[in-house]
Amino acid sequence: MLSVLIPVYNYDIFPLVKRLYDELITLTTDFEILVQDDCSHHHYNNNHINNLKNCHYEINKQNIQWAKNRNLLIEKAKYDWVLLLDADVYPQKKDFIAHYLNCIPQHLFIQGGLLYKNQEPIENQLLRWKYGHLREAAIFSKRIKNPHRFISCMNILFNKKLIKIRFNPNITQYGFEDFLFYKDVKQSNINIHVIDNPIYHISIESSKLFLTKTETAMTNLANLLNKNILEENDTKITRFYFFMESVKCIWAIEVVDALLFNIITKNLLGKNPNLKLFDLYKLIIFHRNRTALQKKKTT
C-alpha cells in the first residue's frame, strides 16, 4: 500500500531506512522502501539496505540530478501512495508512518513539515542552521493558514495515480525543483492537507557550501526566468527585483555589490550571520546572472 521513496547522493542513508523499516514491520500495511543513489562518489554502507525485507537500494549509472531522480523513484514505486523523503532527515515522532496512514485515503496530498534542532551547530555551520530554524521551520509553523507558502518536498505523501504532477526534468542545476512542483500543485487546485508530523533536517552543511549552493540556485533562477519556466511574480526575490527595475533603482544593487559584497560575505560566514544580509546576497547574485544573460542576448 505504501512506497517510501528516498533519493540520495553522498550520504549515509541506512540509519533512516532502518528507522522507517522498524516501524513499518509493526504495521499491517504492505510497504516497500526504495532508495535511488544518484551516482554518488561514496556509498557508505547503504548496500546493507538490500538485506532488509521489501527494501531496495540501487545506484544510477550516471548522475541525473534531483528532479529526474525523484521522478524515477515515483515511476518505480509499486504502490499508489508514495511518501517522499530527503536523505538527510529523521522523523520526530515514533509513530511517524502511522500518522500518515491515518490520513489516507480521505486526503490525496499530505504535508508533514520539518524542524531543526534548537542546539546551535559549530560556527562554520551557523548560516544554514539559522536560515532553516528561523525561515523554513518558522514558515512551516504558519502552514495551516497558507499551506502553499511552505515549499518543500522533504516530507510529503501523495497518491501518484490521482496526482500526476512530477518534478520538472528541465532543471539540471540545484534550486527551485520543489518550487516548480508546488507551483503545479497550486495551479491544479490540489488541496494540501497539513499535519503535525515533521522530520528533523539533520545534515547542516557549512556556511561556505551553503553560499555556493545559493549562488547555483540564483543562477538557476535567472535561467528559469530566461526560459520562461518561471515568471517575474513567482518568487519574493524576483518580485522585489523587478519592482526595483520598474522604478529604475537597479543601480542601487550594483552600488551595494561594489562597496559591500565582501563585508556581507564575511558576515554570512561568521559567527552571527544576518539573514537580511543573506537576502541581499541572493539579490546581488541574481542580478549578476540576469545581467550576464541580457548581455548574451545583445551580442
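Modeller: In helix H1 (residues 14-24), the buried residues are Leu16, Val17, Arg19, Leu20, Tyr21, Glu23 and Leu24. Buried means under 20% relative accessible area, exposed means over 50%, and partly exposed is in between, with a 1.4 Å probe and protein chains only. Helices (H or I, at least four residues) and strands (E, at least two) are DSSP runs, numbered from the N terminus.

Biologist: What should I know about the model and the numbering?

Modeller: This is a predicted model, where local features need pLDDT of at least 70 and side-chain atom pairs count only at pLDDT 80 or more, while totals for chains, interfaces and linings use all residues. Residues are numbered from 1 along each chain as its sequence is written, and side-chain values use heavy atoms, with hydrogens and water left out.

Biologist: Thanks! What do the buried residues of H1 pack against?

Modeller: They pack against strand E1 (2-8), strand E2 (31-37), strand E3 (55-59), strand E4 (81-85), E5 and helix H3 (96-101). Contact here means heavy atoms within 4.5 Å.

Biologist: Which residues have the most contacts inside the largest nonpolar core?

Modeller: Ile6 and Ile33 do, in a core of 39 residues. A nonpolar core is a set of buried Ala, Val, Leu, Ile, Met, Phe, Trp, Tyr and Cys residues joined through side-chain atoms within 4.5 Å. The elements that give two or more residues to this core are E1, H1, E2, E3, E4, H3 and helix H4 (126-141). H1 gives the most, with five residues.

Biologist: And what is Ile6 in contact with?

Modeller: Leaving aside neighbours within four places in sequence, the contacts of Ile6 include Ile13, Leu16, Val17, Leu20, Ile33, Leu34 and Leu85. Apart from that core lies another, of 32 residues, among them Tyr131, Leu225, Met244 and Phe286.

Biologist: In which sense do E1 and E2 pair?

Modeller: Parallel, over seven bridges. Two strands pair if DSSP finds at least two bridges between them. Pro7, for one, stands opposite Gln36 in E2.

Biologist: New topic: what is the strand order in the open sheet of three strands?

Modeller: The order is E5-E10-E7, with mixed pairing. Strand E5 (89-91) and strand E7 (114-115) stand at the edges with a single partner strand each, so one side of each is left without a neighbour in the sheet. E5 pairs with strand E10 (residues 199-201) in the antiparallel sense over three bridges, and Tyr90 has Tyr200 in E10 as its bridge partner.

Biologist: How many aromatic pairs are there?

Modeller: The count comes to 15. Rings of Phe, Tyr and Trp (its six-membered ring) pair if their centres lie within 6.5 Å; planes under 30 degrees apart count as stacked, over 60 as edge-to-face and the rest as tilted. Phe109 and Tyr182 form an edge-to-face pair, 6.0 Å centre to centre with 80 degrees between the planes. Phe109 lies in strand E6 (residues 109-111) and Tyr182 in helix H5 (residues 177-187), so the pair ties together parts that are 73 residues apart in sequence.

Biologist: Are Phe109 and Tyr182 buried or exposed?

Modeller: Both are buried. They also belong to one aromatic cluster with Phe158, Phe167 and Phe181.

Biologist: Which charged residue lies over the face of Phe167?

Modeller: Arg70, at 4.8 Å from the ring centre. A charge sits over a ring if NZ of Lys or CZ of Arg is within 6 Å of the ring centre and within 35 degrees of the ring normal. The charged end of Arg288 likewise sits over the ring of Phe261, 4.2 Å from its centre.

Biologist: Last one, how many disulfides does the structure hold?

Modeller: Zero, counting a disulfide as a pair of cysteine sulfur atoms within 2.5 Å. For Cys103, the nearest cysteine sulfur is that of Cys153, 17 Å away. Cys103 is buried, with a relative accessible area of 9%, and Cys55 is buried too, at 2%.
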